[in-house]
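Colleague: I am new to this one. Take me through how the chains meet, please, and tell me what each term rests on.

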There are 4 protein chains.
Amino acid sequence: MVIIVKHRTGEAQVDNLVKWLEDKNLRVQKTVGEFQTILGLIGDTSKLDEDVIRSMGIVEDLRRIQKPYKNASRDFHPDDTIVDVNGVKVGGGNFAIIAGPCSVESEEQLSFTAEQVKEFGADMLRGGAFKPRTSPYSFQGMGEEGIQLLLKAKEVTGLPIVTEIMDPEHLPLFKNVDVIQVGARNMQNFELLKKLGKLNKPILLKRGFSSTIEEFLMSAEYIMAGGNGNVILCERGIRTFETYTRNTLDLLAVSVLKQLTHLPVIVDPSHATGIAQYVAPMSLASAAAGADGLIIEVHHDPAHALCDGPQSLTPLQFKELRGKVDKVLAAVK
Amino acid sequence: MVIIVKHRTGEAQVDNLVKWLEDKNLRVQKTVGEFQTILGLIGDTSKLDEDVIRSMGIVEDLRRIQKPYKNASRDFHPDDTIVDVNGVKVGGGNFAIIAGPCSVESEEQLSFTAEQVKEFGADMLRGGAFKPRTSPYSFQGMGEEGIQLLLKAKEVTGLPIVTEIMDPEHLPLFKNVDVIQVGARNMQNFELLKKLGKLNKPILLKRGFSSTIEEFLMSAEYIMAGGNGNVILCERGIRTFETYTRNTLDLLAVSVLKQLTHLPVIVDPSHATGIAQYVAPMSLASAAAGADGLIIEVHHDPAHALCDGPQSLTPLQFKELRGKVDKVLAAVK
Amino acid sequence: MVIIVKHRTGEAQVDNLVKWLEDKNLRVQKTVGEFQTILGLIGDTSKLDEDVIRSMGIVEDLRRIQKPYKNASRDFHPDDTIVDVNGVKVGGGNFAIIAGPCSVESEEQLSFTAEQVKEFGADMLRGGAFKPRTSPYSFQGMGEEGIQLLLKAKEVTGLPIVTEIMDPEHLPLFKNVDVIQVGARNMQNFELLKKLGKLNKPILLKRGFSSTIEEFLMSAEYIMAGGNGNVILCERGIRTFETYTRNTLDLLAVSVLKQLTHLPVIVDPSHATGIAQYVAPMSLASAAAGADGLIIEVHHDPAHALCDGPQSLTPLQFKELRGKVDKVLAAVK
Amino acid sequence: MVIIVKHRTGEAQVDNLVKWLEDKNLRVQKTVGEFQTILGLIGDTSKLDEDVIRSMGIVEDLRRIQKPYKNASRDFHPDDTIVDVNGVKVGGGNFAIIAGPCSVESEEQLSFTAEQVKEFGADMLRGGAFKPRTSPYSFQGMGEEGIQLLLKAKEVTGLPIVTEIMDPEHLPLFKNVDVIQVGARNMQNFELLKKLGKLNKPILLKRGFSSTIEEFLMSAEYIMAGGNGNVILCERGIRTFETYTRNTLDLLAVSVLKQLTHLPVIVDPSHATGIAQYVAPMSLASAAAGADGLIIEVHHDPAHALCDGPQSLTPLQFKELRGKVDKVLAAVK
């Protein structure tokens, strides 16, 4: 970290700051210039509170050289992390596709879709039991019953299941869920993240729709700092000025994340686009950009889905997509 | 609500949709045009799930005429709601200023600041006990102890206290807190909102930093739908491409909110700007724009605050600001 | 177009509006509902001024069914437009790569780079002679001399050349330029667009960094309305809250554009990312997403480029990329 | 300027860079740390091309201490610039209101509105003769005839006139125009700015709707670098994710600009909001935030304006607003 001290700061004040830093086990290199004094810090600055330093009257600015996330950073873990979900591997060259309906709606719907996506090449099954909805009057999900149906579908198909948590109080219900998903709106629900950090279970962390790449990694760091290193990151579109599509899919962030972190990064083209016809091209583009997987909404009858129908693929569309994705993966290998 | 049916949809399919709508106690006016068929819905559409309709293959688009929030809408409650906080009124012409430190740091810090802001004209005391921080390594707040110190300061000064909740599990600690604050990052933590909706206590709901005005009101609706109408809205800056300031303060949203809803709307210029010197001009602008109050960070020694120091006013700066705000309020009355 | 009339508007006023619309050769279908009156317009509404209608006191809202761009819309021209640049085809299944330095810097630099990119598979040569720079103190390009050097490189290599115009006054200098580029900052320089609409020469129109897809197409419409249908669209990244990369590459917009318009759509991954190492993954993703081409910065010595060096590929990196792009194109065919 | 050299760069390479910098008349302070080498530059760095330095392979990052705009910066001109428009002063405590129709539509419309706004307290008259419109099919303004009508209105009322330029070719028509306006879409039309820099006439420079504060000042610098210091800055709303209003008015930028530059800063609440009822509160808020003036659309019959009717005030509404603005100005003095 480099601290730039304000012009015309007295020497004694600078020395106080140097001492304060040294007390935190950091070595400090001081350079006195005509217009500014610069302090270069050597040592582990990841646990230093930037805000405290910025708040000091004599500090003009500071600049991190090291990343503020240590567990998530590739600097300290050059090799790709491979998250193992009941035998399905994600990351480190293992491309995984999670498919299934937005919401669990009924036993028939889920079991039919689960069998279809399994047949057509899905590696895991997704389905929402607790649904975050903008309106209190929209369908809120089947709750506990939805989880039971997912567990049943897992038993029948053998596919690991992925489903979203919205309240830490529900954690006991997720005991046999294979991957717990944290939705975009909860990416900075820090109390929830802390609790998930104490589990020994893969977490699928979705990027908040207005979160920077660094904030995203800091949220992964919350989970990892608690001891749970099984984090799968998911880009699902960001909010911009463009209104034609629901969100703007940030595939560049996928490339950037692959460089900054060793964690697997997957893409959710269904939520990002909100429109089924764009799911296929964005899935292919994700594969070409270096993503480690996809999470795709598939519904046996999108026109009657209780939520997010317009963005769901039919099982047959999913089958066709799976084939194309494999071709792109082979091309970019 | 107006539903536009896709070009070349068969008559039978349209009739099915009409029947489906009528089953929901809506009257439907059908107009068949050359290029499109339009259905006008008459009745209470606020509980209709837009997504379900959009997902129907034959629907081109729909447009709400009525607002999707009913409890929060001024259409149904033309008069301003006045939230009464232990005798301090907010809204309906009552301008209230909440002041205090970002974080509760110690008994000395809090009691000193509390007495100062009271003397200099604050109507309520703020202070964070649970702090949402981007980094797991930053100071996370004093927690329960912080709440105890706030309650003590309340006892001494008589000022009602406002503090943020981050986890529904902590609710018992907030029993004697006067106003429970929901931070920007939790604006769409729907499970938390539902629980707050069952309380009979004022809620200060901050706008998410990338939430639209409509999403903001829908979150207020979550609380109100549960039965708790004591919601104070707070604009605290939105995230844009501009990086010079921490956020972009959206004062236009304050004017828009005052028209759309009967709930009081206050402004947090401290978090929006992140820089103390802009707190005063933005406070005056808020008062001129029609806000119902302000929430301002005041610290006896900003240079040593454990969080958000650079944006805090000193007690004397606060005193000066209070005087100027009153002048602007008088000018725009 | 559907016009929604305000609640409680008098019948006579509505009839006036109907008459005004009929005078514009439109047929009007009126539906009187309990809460609103709706007017459905039948006929060519593309030349109707939306703002005039919105400004009428009795109009609640209007909604276009037809696109506001007629020449650019795929609705009226279902087949892909193929732009022919001196024998190099773009669009309709023809994928073209434009490569070359950001700025023309010297004869040696340009001729060397031109020969290299030709050898390694570029279809056209790019190079900036007039450079839009944020600071008046930055290098502004070689101007006329730069254009002469480009024409020389064209003569030697046979590659068509692409270069940017910044002032209509410079048009005579562009007589032998094959493709005139309009930069992002000039996408809504309407006077320039009108002048380019009168030429019979391909125009490469870059998306403004905060322009919506619809605004982008309206700017293409400005050129086409003048009679010049040879427009190539270029997505080059949009401005969002994310600051890690220079821009956010909006590949979803490429897919959307391919559906809305018949014009070819290419991608500029160099400007979008601003960082050379992300050019390759974003190029592959563009090819997978359905783009019709790429425009890529290549410099023989990026570390000493006078502008945009950090985002330039070396000729050898370009060669490798060309090969990979071809593989992805084959995979998604 | 501080340059941070990449970890593990060879000494000889660093020395080369130091020499290159010294050749540009800069003094360089080198500090060699364990993790990085830092170069502090002393001297005038405002004409240094940041991009060239960033492009050097050995440079990790650079950070400006001095502002990149020298003429526009308050650091070098602490006193407020007062722009004198034919006797009407703007800046330095002089608050000026520019009012008039969006477009000049006819002699009657303009002369009536001009006399009304003069009577009701406007200091200058605005009116568009050349109109930037998103669609080529929308009304494009009266052009030269519009300018003639403005000059006539100036003669009758004595009000200085403000009107927008869209093409440098039109400059001769602006000879007797008092203030030449550069619209948001042309803020980075650098060739136009350079030409305006050679005039001796006040320029009203509007902020691009997605331009940062620094880019805005750099565009002012383009004009000032040419020798024309009579620049009035205008905040007119920025583009964000919020769609309820046309733009988000960035009043915080006004406060920031007042600190960074000595140039006067005015606000355009009409374009920012797009809705007449929000013009008054945003005008009052602008005055409270420290703006030096307002530019407001006034139309004698907004419901029939050829452009931007919904955001125009009637003359009487303008009169009422003028009175309230004066009260706020008195309150914050």
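Modeller: In this predicted model, 22 residues of chain C are in contact with 22 residues of chain B. Contact means heavy atoms within 4.5 Å.

Colleague: What makes the surface on chain C and the one on chain B the same?

Modeller: Of the interface residues of chain C, 100% are also interface residues in chain B, so the copies meet through the same surface.

Colleague: How do you know what area is buried between chain C and chain B?

Modeller: Buried area is the accessible area (1.4 Å probe) that two parts lose on being put together, summed over both. For chain C and chain B that is about 1,900 Å². Carbon and sulfur atoms give 59% of it.

Colleague: How many salt bridges does the rule find across this interface?

Modeller: A salt bridge needs a side-chain nitrogen of Lys or Arg within 4 Å of a carboxyl oxygen of Asp or Glu. Across the interface of chain C and chain B, the rule finds zero.

Colleague: Which strands of chain C supply at least two residues each to the side that touches chain B?

Modeller: They are β1 (2–5), β2 (27–32), β3 (37–42) and β4 (59–63). Strands are DSSP runs (E, at least two residues), numbered from the N terminus. β2(C) gives the most, with four residues.

Colleague: What classes of residue make up that side of chain C?

Modeller: Eight are nonpolar, eight polar and six charged. Ala, Val, Leu, Ile, Met, Phe, Trp, Tyr, Cys and Pro count as nonpolar; Asp, Glu, Lys and Arg count as charged; the others, Gly among them, count as polar.

Colleague: What ground rules apply?

Modeller: Residues are numbered from 1 along each chain as its sequence is written, and chains are lettered from A in the order in which they are written. Local features need pLDDT of at least 70, side-chain atom pairs count only at pLDDT 80 or more, totals for chains, interfaces and linings use all residues, and side-chain values use heavy atoms, with hydrogens and water left out.
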